[in-house]
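Okay, thanks for coming, everyone. Let me put the thing up on the screen and then we'll walk through it together.

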Amino acid sequence: MKNAFLVPFFGELPPYFSFWAKSCEINHENFHWFVYNDRIVSAYSLNEAVTMIPYQFDEMIADFKKILNLEISGYHLRNVCDYRIAFYFLRRDREPLDDFAFIGYTDMDMIYGRLNDFLPPDMYRYAMISADDDRPCGPFTLIRRSSVQSLTGCDKLKPVIESQKHQSLNEDKYLMYFVSGGNPVFCRTEPLQPARTPGFNFRKTFSVWDKGRVRVWDNRGNEKEGGFYHFSRYKNKRSFRVKADALGSEQWAVYRYGITDIRSKWKSYLLKLSLVI
């Protein structure tokens, strides 16, 4: 069975979106991403792994009220990180979500490698799989579909969804304990998220996507392949620029100054230089 990620994103899609989507595509045999966005007018398949679905913020508010009897007050985009936890209930009658073994949430400010190489081979015995140690992970969490069902009885879901501030239930240990129901979980940075593994300096890193594989380097000389690279620290800086033409390359890099191809030795030198300046 495949596994699904539900990704609500309201507003203009970010300039790095095409790179994110391309890194999803390499995983299409095992994963599918449903992207819910208010700037598109009709559903379409972006590639074999990504389906784009039009969804207005007000429509989401109405669905929370109708389906889960939860009231959302106002337009709080930061809260979408918590809203997505319950998207399975909002969308299961419109997308074939019951055909998937795991339902997950993830971010866009990241690139994926070959995910199946970094997941436990017996993943279906786990109630939750995440890329953080002993807790859910905002950028990458999968919940077994049978465990997702228990969320409607979660006593923290209502106050978090209805709150006017982001409360990070999506990364709260409580969520892990609740949905697991005593079943085993696989919540570890290694091997999924190398930049966060022990010994790495996650503040100074870069990553190279090479034909579907992701390798991460830091300024301490560490180098490791993993399931994904999360560049949230860099994405909103004015100096972060995306070179759109790099998308056609078999290799491209994500570093503090943006996304670029690495066809020349000079580009490779700039990546290493970014770790020390």
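What you see is a predicted model, where local features need pLDDT of at least 70, side-chain atom pairs count only at pLDDT 80 or more, and totals for chains, interfaces and linings use all residues. Residues are numbered from 1 along each chain as its sequence is written, and side-chain values use heavy atoms, with hydrogens and water left out.

Back to Tyr255. Tyr255 sits in strand β15, residues 251–255; helices (H or I, at least four residues) and strands (E, at least two) are DSSP runs, numbered from the N terminus. Leave aside the neighbours within four places in sequence, and Tyr255 is in contact, meaning heavy atoms within 4.5 Å, with Phe206, Tyr234, Phe240, Thr260, Leu270, Leu271 and Ser274. Take Leu271 from that list: Tyr255 and Leu271 are 16 residues apart in sequence, with 6.7 Å between their C-alpha atoms.

Now the sheet. It is an open one of 8 strands with mixed pairing, in the order β3-β4-β2-β1-β5-β8-β7-β9. The edges are β3 (44–45) and β9 (185–187), each with a single partner strand, so one side of each has no neighbour in the sheet. Helix α1, residues 17–25, packs on this sheet and touches β1 (3–9), β2 (31–37) and β4 (50–54). The direction of α1 makes about 130° with that of β4, where axes are lines fitted to C-alpha atoms, for helices over the stretch in contact, and angles run from 0 to 180 degrees between N-to-C directions.

Within the sheet, β5 pairs with β8 (residues 140–144) in the antiparallel sense, over 5 bridges; two strands pair if DSSP finds at least two bridges between them. In that pair, Phe102 stands opposite Arg144.

Asp107 counts as buried because its relative accessibility is 17%. The side chain of Asp107 makes a polar contact with the side chain of His230, at 3.5 Å. By polar contact I mean a pair of N or O atoms within 3.5 Å; within protein, one must be able to donate a hydrogen and the other to accept it, and residues adjacent in sequence count only if both atoms are side-chain atoms. Apart from residues within four places in sequence, Asp107 also has Trp20, Arg84, Tyr112, Gly138 and Pro139 among its contacts.

What about the nonpolar cores? A nonpolar core is a set of buried Ala, Val, Leu, Ile, Met, Phe, Trp, Tyr and Cys residues joined through side-chain atoms within 4.5 Å. The largest has 47 residues, and Trp20, Trp33 and Phe140 touch the most other members. Helix α1 gives the most to this core, with 5 residues. Apart from that core lies another, of 38 residues, including Tyr36, Met60, Ile72 and Ala86.

I know someone will ask, so: how many disulfides does the structure hold? The count is 0, with a disulfide being a pair of cysteine sulfur atoms within 2.5 Å. Cys137 has its closest cysteine sulfur in Cys187, 9.1 Å away, which is too far for a bond. Cys154 is in no disulfide either, and the nearest cysteine sulfur, that of Cys187, is 15 Å away. Cys137 is buried at 2% relative accessibility, and Cys154 is buried at 6%.

Most residues other than glycine have a negative phi, and most peptide bonds are trans. Here, a cis peptide bond joins Glu190 and Pro191, with omega about 15°, and Pro191 lies in the loop between β9 and β10 (205–210). Asp134, in the loop between β7 (128–130) and β8, has a positive phi near 60°. Ser168 also has a positive phi, about 60°, and Ser168 is in the loop between α6 (157–162) and α7 (173–180). At 27% relative accessibility, Ser168 counts as partly exposed.

That's my lot, so over to you.

How values were computed. Buried < 20%, exposed > 50% of the residue type's maximum accessible area, 1.4 Å probe, protein only.
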